[in-house]
Amino acid sequence: MLNTKLYIFTDGSVNKNPGTKRAGAAVLVMENEIFDSDVIMETDTRTTNNQAEYLGLLAGIRMLEAKGLYAYKNVEFVSDSELVVKQVTGEYECNDETLKILLEDFKIRIKHLSKKYQAEIDISWAPRNSNKFLKQANYLAQDACSVKRH
């Protein structure tokens, strides 16, 4: 078991809001260095930025599952979406049907990983411009959607 905290910085982007392409990106950070990154890109007839934000969380879960980083007993997801973070923590209710599906998928997978590997998995909010790793996740998500914003 490793005592080092593992951070997963996530962000989402759409080609316009609502748009037809959405992407979620995650950047895996260990000991203040980028270890890996992942992007999930999907097309849909009508997609929103909040849906893309959840894809970022799911990209982070996918990395945890694929990389076998289960030795880390303390994992923190960091997102710049206050809405998504507060929905995950239960502070806000989720009323959108599509978001509910994504939220439940994330919660189920977190609960499973947490129980199976006896890991503490948290989520927190931070402003995008406050952190270089959030900026990197934002860049990856925007690049996947071919969106150029600052």
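Select α3 and show its buried side chains, where buried means under 20% relative accessible area, exposed over 50% and partly exposed in between, with a 1.4 Å probe and protein chains only: these residues pack against α1 (49-67), β4 (74-79), α2 (82-89) and β5 (120-125), a contact being heavy atoms within 4.5 Å. Helices (H or I, at least four residues) and strands (E, at least two) are DSSP runs, numbered from the N terminus. This is a predicted model, in which local features need pLDDT of at least 70 and side-chain atom pairs count only at pLDDT 80 or more, while totals for chains, interfaces and linings use all residues. Residues are numbered from 1 along each chain as its sequence is written, and side-chain values use heavy atoms, with hydrogens and water left out.

The buried residues of α3 are L99, L102, L103, F106, I110 and L113. They cover an arc of only 105° around the axis, which puts them on the same side of α3; the arc is that of the directions from the helix axis to the C-beta atoms. Turn to the other side of α3, and E97, I101, I108, K111, K115 and K116 are exposed.

Next, go to the start of α3 and select D96, a side-chain oxygen of which reaches to within 3.0 Å of the backbone nitrogen of T98.

Now select the strands: five of them form an open sheet in the order β3-β2-β1-β4-β5, with mixed pairing, where two strands pair if DSSP finds at least two bridges between them. The edge strands are β3 (33-47) and β5, each of which pairs on one side only. Within the sheet, β1 (residues 6-14) and β4 pair in the parallel sense over five bridges, and T10 stands opposite S79 in β4.

Finally, select α4 (residues 132-145), which lies across β1, β2 (19-30), β3 and β4 and runs at about 150° to β2; axes are lines fitted to C-alpha atoms, for helices over the stretch in contact, and angles run from 0 to 180 degrees between N-to-C directions. Show the buried residues of α4, among them F133, L134, A137 and L140, and look for their packing against β1, β2, β3 and β4. N131 caps the N-terminal end of α4, with a side-chain oxygen 2.6 Å from the backbone nitrogen of F133, and just after α4, S146 takes a positive phi of about 60°.

Methods
A polar contact is a pair of N or O atoms within 3.5 Å; within protein, one must be able to donate a hydrogen and the other to accept it, and residues adjacent in sequence count only if both atoms are side-chain atoms.
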